[in-house]
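Here is a friendly walk through a structure, taken one site at a time. Keep the 3D view open as you read.

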Amino acid sequence: MKSVVIQQPEQLVIEERPLPEPQAGEVRVRVVSAGICGSDVHIFRGHNPFAKYPRVIGHEFFGLIDAAGEGVDPARLGERVVIDPVVSCGHCYPCSVGRPNVCTSLQVIGVHRDGGFSEYACAPAGNAYQVPDSIPDREATMIEPFSIAANICAQLRPTEQDVALVYGAGPMGLTVIQVLRGVYGVKQIIVTDRIPERLAMAQENGADRTIHNGETDLAAALQAQAIRPTLIVDAACHPSILPEAIAIASPAARIGIMGFSAEPCTINQQAITGKELSIFSSRLNSVRFPQVISWMTEQRIRPEKLITHAFVLHHVTDALTLFEQNQKTCCKVLLTFSD
Ligand code: NAI
Ligand code: MN
Ligand code: ZN
C-alpha cells in the first residue's frame, strides 16, 4: 500500500509499505478520502511538538472497514466509517469524567501514531463510527473538523439570544459559525479576520456581520455599533486575542479559546472578575462524533460548503502547498484515494 510519510521535518515521501494487520480490538480501514488540516502541515514543517518521526500524517479520514482484529464483530466488514483520532486509556481521571480528549496518555492518530494519508490505516474499533448512507463520502470526511466546533460549543452552551463574535474565518472559524447558526440557532454572529476572501466565506456560512480587523479597530467598530459580544470564540489563536476578547466582552460573557501558542499574553483579574467572565478551552473532541453525524443527517450543518479542493493521493505535495500558501481560496482540501 502507499502511505504519505513525513520521514523528518520537510521530508515527505509516498512510501510503499506492507499492509498493516489490525491488532486485537482494531479495524483496518481502506481509506477513501482524507482532509488536510493545519496540523498536518505543522508536522510536515517540524512545528508540532507532539509529533514523532517518521510519521504517516492525517487525522481526518473516511473509508471502509476491510479487516477486523480479534474480538471485533466480523459483521462490521464493509461498513462505511469515519475515524475519531482521539485514542485514550479509558481509566485515568479525565477519561473517567468523560474527557478522553485530554487523557493522561492521549494518542492522536496521525500525530502520535500513524494516520490516514495512507491507502489503509488501523484504528481501535471503538474509534470507527458508522456513517449513514445519506452522508456522502466527501462530507463524512468533514466529521472530525466539525467535532472540534462541537466540542468548544459544548463548553460554551450557545443560546439563541447570544451575540457571538468569532475570531478567524479559516476552516475552524467556519465550522464554528455553521454550528452556532445551524445547531444552536444563534441569531447574531459577527466574524473578524484580516483576509477579505475569508470574510466573504464567513458570510456564506452564516455570519451576519464581518469586520476586517486588519483595517478597522475591532473594539471601536463594535462600540460604534453598540455591540457587546456575549459569546466569543477565538478560532484565530493569536496570543493577542484573549486580552482583547476579555476587554470587549459583555458582562457575564463566555469566551472559548483553542490555540496552542506557548507565547505568554497579559491579562488581569479585574477585567475578568469585574464582569464575571467564563473562559473555556477546548482540545480535539470528547466523543462528539455521534453528535456531528446526527447534525449532518439532519442537514443542520453544510460540510460541502467548506470543501474547496480535492487532489488524488499522488498529488499530496501540491495539495499541502496549495493549502499552506493560498488562504484566500482554500478552506478544506481533500485527498482522494482511487481503488
Ligand atoms: P487558519 O490559519 O486557516 O485560520 C485562521 C484565520 O485566522 C485566518 O483566516 C487568519 O487570517 C485569521 N487571523 C489570524 N490572526 C487574526 C487576528 N488577530 N484576528 C482575526 N483573525 C485573525 O487555521 P484553522 O485551521 O482555521 O485553525 C485555527 C486555529 O485553531 C489554529 O491556531 C489551530 O491550531 C487551532 N486548532 C485548534 C484545535 C483544538 O482542538 N483546540 C483543533 C484545530 C485547530
Ligand atoms: Mn484537523
Ligand atoms: Zn485516559
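## The manganese site

Cys-37 (SG), His-59 (NE2) and Glu-60 (OE) coordinate the manganese ion (ligand 2), at 2.1 to 2.6 Å. Donors here are N, O and S atoms within 2.8 Å of the metal (3.2 Å for Na, K and Ca), and water is not among the atoms, so sites may look incomplete. Along the sequence, the spacing of these donor residues is C-x21-H-E.

Are His-59 and Glu-60 buried or exposed? His-59 counts as buried because its relative accessibility is 6%, and Glu-60 is buried too, with a relative accessible area of 0%. (Buried means under 20% relative accessible area, exposed over 50% and partly exposed in between, using a 1.4 Å probe and protein chains only.)

## About the model

This is a predicted model, in which local features need pLDDT of at least 70 and side-chain atom pairs count only at pLDDT 80 or more, while totals for chains, interfaces and linings use all residues. Residues are numbered from 1 along each chain as its sequence is written, chains are lettered from A and ligands numbered from 1 in the order in which they are written, and side-chain values use heavy atoms, with hydrogens and water left out.

## The zinc site

Now turn to the zinc ion (ligand 3). Its donors are Cys-89 (SG), Cys-92 (SG), Cys-95 (SG) and Cys-103 (SG), at 2.3 to 2.4 Å, and in sequence they follow the pattern C-x2-C-x2-C-x7-C. Of these residues, Cys-95 and Cys-103 are both buried.

What is the geometry of the site of the zinc ion (ligand 3)? The site is tetrahedral, with angles of 105 to 118 degrees among the four donor atoms. Four donors count as tetrahedral if all angles lie between 85 and 135 degrees. For reference, the ideal angle for four tetrahedral donors is 109.5 degrees.

## Two helix pairs

Two packed helices are described by the angle between their axes and the distance between the axes. Helices (H or I, at least four residues) and strands (E, at least two) are DSSP runs, numbered from the N terminus. Helix α4 (residues 143–156) packs against helix α10 (residues 289–297) at about 110 degrees, with the axes 9 Å apart. α4 is therefore roughly perpendicular to α10, a term for angles of 65 to 115 degrees. Axes are lines fitted to C-alpha atoms, for helices over the stretch in contact, and angles run from 0 to 180 degrees between N-to-C directions.

## Two buried residues

Pro-145 lies in helix α4 and counts as buried, at 1% relative accessibility.

Leu-335 is part of strand β18 (residues 332–336) and is buried, with a relative accessible area of 0%. The C-alpha atoms of Leu-335 and Arg-138 are separated by 9.7 Å, although these residues are 197 residues apart along the chain. Not counting residues up to four places away in sequence, the contacts of Leu-335 include Val-32, Ile-36, Phe-117 and Phe-311.

Technical notes. Four donors count as tetrahedral if all angles lie between 85 and 135 degrees; four count as square planar and six as octahedral if opposite donors are over 155 degrees apart and all others between 65 and 115; anything else is irregular. Angles under 35 degrees count as roughly parallel, over 145 as roughly antiparallel, 65 to 115 as roughly perpendicular and the rest as oblique. Contact means heavy atoms within 4.5 Å.
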